[in-house]
Amino acid sequence: MTATASRRGFIVTAATTATAALSLPNVVTAADPKPTTPTARFKFGLNTSTIRGQKLGIVKDVELAAKAGYDGIEPWMNQLETYVKEGGSLKDLGKRIKDSGLQVYSAIGFANWIVDDDQKRAAGLEQAKRDMDMVAQIGGTHIAAPPAGATDRADLNLMQAASRYRALLEVGRSIGVIPQVEVWGFSKCLSRLGETSLVAIEAQHPDACILPDIYHLYKGGSEFAGLKLMSGVSMHCFPVNDYPADLPRAMIADKNRVYPGDGVAPITDVLRGLASNGFKGMLSLELFNPDYWAQDAELVVKTGLEKMKAVVQKAFG
């Protein structure tokens, strides 16, 4: 063997080894404790949209989530804004949440960080800054970053979007809250997992992460098998819901989301894939069903947690 061939072989071997190492998600070692029960594999959170229709306010939402036994809560920015306008202190709210045994694992905002218009994008970054500051005051660590303001742009340049996501990540780093670029199935951009992954990867930022969602993946036309290509550490939380069989993809809407396990989504396969890829974040119950909004909020919150735990038990039990 020549010296050149030997060097070439070494380089190929080294590159292959490095690539394999990077693609391996959170490899379980002897030091990693194994879950004692199937449900111990995940944490369970409540996105407050699930009981939005009852109009109880963020304080009551926190109380119900804690009483039901959730691990965390995901509020919407308009809830926090209303709370402040009515004289509430965000720091007091943060203490209430912490004392209730909950964590704010994410929040839902709609800053226009991705739009082409320079002035609107600058205003969007300022809004994002205000939103992140509010989230930080209640102890939150992450916030959703959907393609708000650009949902009609099928021709959005994804490399430019990646650069804009990087700018948003830098804003977040200055505050201590990480924006999660979100798959929005109904949008003409970032409706698919592949598009959203490209934006996250090409942002070339250590904090970059993705926020997928069972409903949005289905609505946007992404195959759930694509999740197997993603490391679990690229996702901090994973919204969980289900969809019925009697509505075609083009017609299904947020209001048609149902409890996990009550529809036809391959949730058990998704959960197994998340676990095998090293996902250790929060499963977040996110529903917008008017039938649930007409029911007692405590019943809905309790039922939602039971349904989430049931699909996890089915996947791993």
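Hi everyone, let's talk about rings. This structure holds 9 aromatic pairs, where rings of Phe, Tyr and Trp (its six-membered ring) pair if their centres lie within 6.5 Å. It is a predicted model: local features need pLDDT of at least 70, side-chain atom pairs count only at pLDDT 80 or more, and totals for chains, interfaces and linings use all residues. Residues are numbered from 1 along each chain as its sequence is written, and side-chain values use heavy atoms, with hydrogens and water left out.

Take Trp 76 and Phe 110. Their ring centres are 5.5 Å apart and the planes meet at 50 degrees, so this pair is tilted; under 30 degrees would count as stacked, over 60 as edge-to-face, and the rest as tilted. Trp 76 lies in the loop between β2 (72-74) and α3 (77-85), and Phe 110 in the loop between β3 (103-104) and α5 (118-137), so the pair ties together parts 34 residues apart in sequence. Helices (H or I, at least four residues) and strands (E, at least two) are DSSP runs, numbered from the N terminus.

Are these two buried or exposed? Trp 76 is buried, with a relative accessible area of 11%, while Phe 110 is partly exposed at 33%. Buried means under 20% relative accessible area, exposed over 50%, and partly exposed in between (1.4 Å probe, protein chains only).

And what do Trp 76 and Phe 110 form with Trp 184, Phe 186 and Phe 288? One aromatic cluster.

Finally, Arg 52: its charged end sits over the ring of Trp 76, 4.3 Å from the centre. That label requires NZ of Lys or CZ of Arg within 6 Å of the ring centre and within 35 degrees of the ring normal. Thanks, everyone!
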